[in-house]
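Let's take a walk through this structure, one piece at a time. Keep the 3D view open and follow along.

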Amino acid sequence: MFFRMLKKDITEKKALNIILLLFMCFASILTVCSAIVLLSNTFGLKQTNNKVNATEVTIVSDRDLKNTSKRQEAITESLLKNEKVEEVERAETIVFDSNAIDYVGLKEDTAANIINIQSYAFDLSNKHNLVTDLDGEEIELGYGMIAISEYVQVLTKLGIGDKVRITTQLGNIYEFEIAAITKDPGLNGWHRMFFNSEDFKVLKEDSPVISDVYMIKLKPGNTHMDQTKIVNDFAENEDEFGDILNSYTMNGYNVASLSSVVLNVMFIVVAFFLIVMVFMTISFTIKTAIKNEEKELGMLKALGVES
């Protein structure tokens, strides 16, 4: 009897049932996709940060050409005095403006995408804020090779095997081949280029202006205020420490991640209500069909027809 009622309902209310099916499919897809992204943001982010040994705070400052080592030691010592700081790694980088980098084969319609983008040159010797390839694996670079960020690759639409020419501060031009596209979760949003140690040494010798990078690992339980305070304290001592050229706090990236989490939670809530509405509609439809069937049976009995 139930299947007869169901078949009759489907036949009589085709449009309504098609709409209910579409709503169910949409709600299911929305729920599954949002749940996957939510789990990725909640658990995957922490796992990724641990894998690349990400630091909570990173500061790039100009280098004192006269008393380089003295200033570096003073900055490191000052940072370690903060009770929230667990470890400080000092690195160095060369900052290249967009006009110093020529992406060979770049089309005119994409050239505007990289105007005014600063890139930071590194080697692969640092133990914090590591990068991976698009498959999440460590990268290795040979002589004459360069790794560019995924963001820059999207902007330039170049890929593995394409060429990049870099003009140094002394005016010399070096050509490199793109050997890897990198993900940079430790310094998300920075445009970092990577070279092997020999190539990086050559670039440094051609660059009178080199910047210091302080990668600051904080103790567990640190807060947004702790990270911001470190940057602010550094800025307050700019006469002694030098100007901050760029800074990164993990809380800034986590805010963006939190926004994504909130958005996905909203999607799940919307999908839940859609599913509830669909089931309420199905319940109402079934009850209506049962009542109609009861009326028909009652009329048949009144006419003396036995089922």
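Before we look at partners across strands, one term: two strands count as paired if DSSP finds at least two bridges between them. Also bear in mind that what you're looking at is a predicted model.

With that in hand, go to strand E8, residues 173-183. Strand E5 (residues 132-133) is joined to E8 by two bridges, and the two run antiparallel. Here Asp133 has Thr182 of E8 as its bridge partner. Strand E6, residues 145-149, is linked to E8 too, this time by five bridges and in parallel. Look at Ser149 and you'll find that its bridge partner in E8 is Thr182.

Then there's strand E7 (residues 163-167), which pairs with E8 in the antiparallel sense over five bridges. Thr167 has Ile173 as its bridge partner in E8. E7 and E8 form a hairpin with five residues between the strands, and in it Gly171 takes a positive phi near 90 degrees.

Speaking of phi, most residues other than glycine have a negative one. Asn129 isn't a glycine, yet its phi is positive, at about 55 degrees. You'll find Asn129 in the loop between strand E4 (119-123) and E5. Is Asn129 buried or exposed? Its relative accessible area is 2%, so Asn129 is buried.

Lys157 is another non-glycine residue with a positive phi, about 60 degrees. Lys157 sits in the loop between helix H5 (150-156) and E7. With a relative accessible area of 61%, Lys157 is exposed.

Now for the helices. Helix H7 covers residues 224-236, and at 1.5 Å a residue its 13 residues should span 18 Å; the end C-alpha atoms are 18 Å apart, which agrees. Which residues of H7 are buried? They are Asp226, Gln227, Ile230, Val231 and Phe234. Because these residues cover an arc of only 135 degrees around the axis, they fall on the same side of H7. Residues three or four places apart in an α-helix point the same way, because there are 3.6 residues a turn. Turn to the other side of H7 and you'll see Met225 and Glu236, which are exposed.

Our last stop is helix H9, residues 250-302, where you'll find Val269. Val269 has 39% relative accessibility, so it counts as partly exposed. Together with Phe272 and Phe273, Val269 forms a nonpolar patch on the surface, with about 310 Å² of accessible area for the three together.

How values were computed: Residues are numbered from 1 along each chain as its sequence is written. This is a predicted model: local features need pLDDT of at least 70, side-chain atom pairs count only at pLDDT 80 or more; totals for chains, interfaces and linings use all residues. Side-chain values use heavy atoms; hydrogens and water are left out. Helices (H or I, at least four residues) and strands (E, at least two) are DSSP runs, numbered from the N terminus. The expected span of a helix is 1.5 Å times one less than its number of residues. Buried means under 20% relative accessible area, exposed over 50%, partly exposed in between (1.4 Å probe, protein chains only). The arc is that of the directions from the helix axis to the C-beta atoms. Patches are made of residues with over 30% relative accessible area and no salt bridge: like charges are joined within 9 Å, nonpolar side chains (Val, Leu, Ile, Met, Phe, Trp, Tyr) within 5 Å. Accessible areas come from the Shrake-Rupley method with a 1.4 Å probe; for residues, only the protein chains shown count as cover. A salt bridge is a side-chain nitrogen of Lys or Arg within 4 Å of a carboxyl oxygen of Asp or Glu.
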